[in-house]
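Hi,

Here is the structure I said I'd pass on.

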Amino acid sequence: MVTTFAAQVVGALLPHAPLLVVATATGLATEAALFHWQQRVASALDRVHADIAVRQVMRDLLLVSGLLNLDTEGPSVLYLPMVSGLLLFYALHFAGHAAAILVRRTRTLPVVTRNIDASALRLTPGPPVLLTRPAPRLLVFGLPTTAGLLATAASGVPEFAACGIALAVAVAAGGLGQLVLRLLPSHRPASEADVLEWFDAWLAEYRPTVGMYFSGSASSAYQANMWLEPLARLEGRPLIVLRERFMVQKIAATDIPVVCLPKVATLMRLEHSTLRVLIHPANSGKTSQVLRIPTIKHAFVNHGESDKASSCNPYAKAYDEVWVAGPAARERYALADVGVDDRDVVEIGRPQLQSILPYTGPPTRAFTTVLYAPTWEGWDGAPGNTSLLVAGENIVRALLDDDGIRLLYKPHPMTGSVDPRAGAADLRIRELIREANRHRSGCRPGPERQAELALRSKELMRLTMTSFRRGADAVERMLLQGSPEPGRAAVVGEATVAWEAAYWASLPEWEHQTVAGAEPALYTCFNQADLLISDVSSVVSDFLASGKPYAVVNADGMPEQAFLEAFPTVGAATILTPDASGVSELLTAVRDPGKDKQAKERAALKLRLLGPSDPPSVDRFSDAAQSLVAAADAHRARITQENPRTLPRPRPSNWQDRGLVDTSGSPSSAPGSRHTGQP
């Protein structure tokens, strides 16, 4: 880019028309490349106030200077109107940018919803993406100007530049007119006050009882997604409460109404609702804000349990109750002495694990399937958190050396987010797997398997994904993601099972796989595996539901006895050292049931970590929720008796009288019905 500007200066001063034309065209191509492939560089230029507008003004001024120098017969009478038109074009561009900002503000609502009919808020599709992004708008709308100036430089005919500038002015004026039209009251979504009034009315009609509260980064959405199905099965009216706007689209397919309340003041309106209980899959900085609401009871459910310090965080004492899987977690909190009262600990099991198939004996297929699922490096970046840094490549090489092994490698979704070395190790492992596959061969499933997978993928995508136009904003997504069709959740569940079956059937049984992304899910990988190798993490606890053999990597290099005492979840595991020297013996024990000495230990540890199978975890989860709802009701009744004025009352609203709240009886609006996510 610097070179093209320097060439433009030289071409304008000499003057040299071919150099001026080539340098300008190359500069425009560079801008397009920056926009498409080098967004970081473009952002860096913006920070030093060398943004696209400044660069394009310089480019056009150099073109005009070159034209003046090239005109040896004296300035044409068209040059003054031409410069005036150029100034008018940039004035329209900056006015369009201001209008785009105002439009974006009017379309930034205090509440973002999903699975709720919000059409009463006058939701409309957003403006074309070209009008809302200044860089591409200037490049596209300014193209006639630059093309006309270049044509004049090459031919010496000033009318080309005049026509190009006139066309650019007309296009910019049309774009500005579209944006100004959207600022008219009749074309804007509902005002902030109206949206909040509508939200209060919707809460009063829907009458939520138990909800899930979640705040976090985009990569942490899996923590909330694992609780969607258990939440949907609860009695009453479930609700999902989010704090970040981007998270609305990160939540997996569900029929549960989703509301995003970015501002604390909006969040506090839940105090006036019927919401009694919120479960929390994770701690975040914004959790303390919702804990202020006195009418809601809060339960910490975590997103998995392990022996790591994060599984007994002192923050847990801020909640009314802490729901854990089994006795081991209760003991963990007691030993950690972080202020959690044992009376507030409730054992509910792990209701997500119903889909995990039980152990049926040693491998019977031609290849023994090993799942290597290391955890990530953790927020503290401690070297012992993940085996990737010190043992990952050794373990993978040892597994790949066994011709009878099929490796499934599923890294944690947050791998490399704290320590880049973990991300680099992940990439090296993926390359090891690709290299091993290049030296393997065998029969591949027929084309009918691929066709089945394509069919199932298309069907699942149709059910779970809403097609958005490029550049669609939150308001447009709200419009498209209104009330779901009754029974959609059950259909999605069936389609997901069918897709998973088609996915695994489409893969050669001898081929190693890197399983990245949200699909296929971790639990379906459990069902494919004969053996798990992992770290000290919740993956180990969940895998115990299968009863299959597992191994844990001692990434810290602790003495084995000290490792067992420090981390009880590895009590029924084979302990692997960072050099992976025990992998061969581990595989022999997996294949020969006579050498599996830890089957009884796994069954006992499963009971200790996950609790009993009877009553089912789903029932215990439901019982815990209803018990906490009852406690919240009792708390409200006690407040009412002691001081009625302190109990929040529903906000008055006339939205229902105006017919703007859906009371048709759909799952996301009708009061008094049970929402289970089932038909």
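Predicted model: local features only at pLDDT ≥ 70, side-chain atom pairs only at ≥ 80, totals over all residues.

Strand 12 (residues 531-534) and strand 13 (residues 550-553) run parallel and are joined by three bridges. Both sit in an open sheet of six strands, ordered 11-10-9-12-13-14, with parallel pairing. At the edges you'll find strand 11 (513-514) and strand 14 (574-576); each has a single partner strand, so one side of each has no neighbour in the sheet. Helix 24 (residues 583-591) packs on this sheet, where it touches strand 9 (368-373), strand 10 (405-409), strand 12, strand 13 and strand 14. The direction of helix 24 makes about 150° with that of strand 12.

While you're in that part of the chain, take a look at Thr 569. This residue lies in the loop between helix 23 (560-566) and strand 14. Is Thr 569 buried or exposed? Its relative accessibility is 0%, and buried means under 20%, so Thr 569 counts as buried. If you leave aside the neighbours within four places in sequence, Thr 569 is in contact with Asp 307, Arg 332, Val 540, Ser 541, Tyr 550, Leu 605 and Leu 609.

Now for a helix pair. Helix 8 (residues 143-155) and helix 9 (residues 158-182) pack with their axes 7 Å apart, at an angle of about 180°. Angles over 145 degrees count as roughly antiparallel, and that is therefore how helix 8 and helix 9 stand to each other. On the helix 8 side, the contact is made by Pro 144, Thr 145, Gly 148, Leu 149, Ala 151, Thr 152 and Ser 155. Helix 9 brings Pro 158, Phe 160, Ala 161, Gly 164, Ile 165, Leu 167 and Ala 168. Sorted by class, that contact has nine nonpolar residues, five polar ones and no charged ones.

Finally, some numbers for the whole protein:

- The secondary structure comes to 26 helices and 14 strands.
- Of the 679 residues, 49% count as buried.
- The C-alpha trace spans about 100 × 75 × 50 Å along its principal axes.
- The accessible surface is about 30,500 Å², and 59% of that belongs to carbon and sulfur atoms.
- Among contacts with a separation of 6 or more, 73% are between residues 24 or more positions apart.

Cheers

Definitions and conventions:
Residues numbered from 1 in each chain as written. Heavy atoms only, no water. Pairing = 2+ DSSP bridges. Helix = DSSP H or I, 4+ residues; strand = E, 2+ residues; numbered from the N terminus. Contact = heavy atoms within 4.5 Å. Axes fitted to C-alpha atoms, helices over the stretch in contact; angles between N-to-C directions. Parallel < 35°, antiparallel > 145°, perpendicular 65-115°, else oblique. Nonpolar A, V, L, I, M, F, W, Y, C, P; charged D, E, K, R; others polar. Buried < 20%, exposed > 50% of the residue type's maximum accessible area, 1.4 Å probe, protein only. Areas by Shrake-Rupley, 256 points an atom, 1.4 Å probe, with all protein chains shown as cover.
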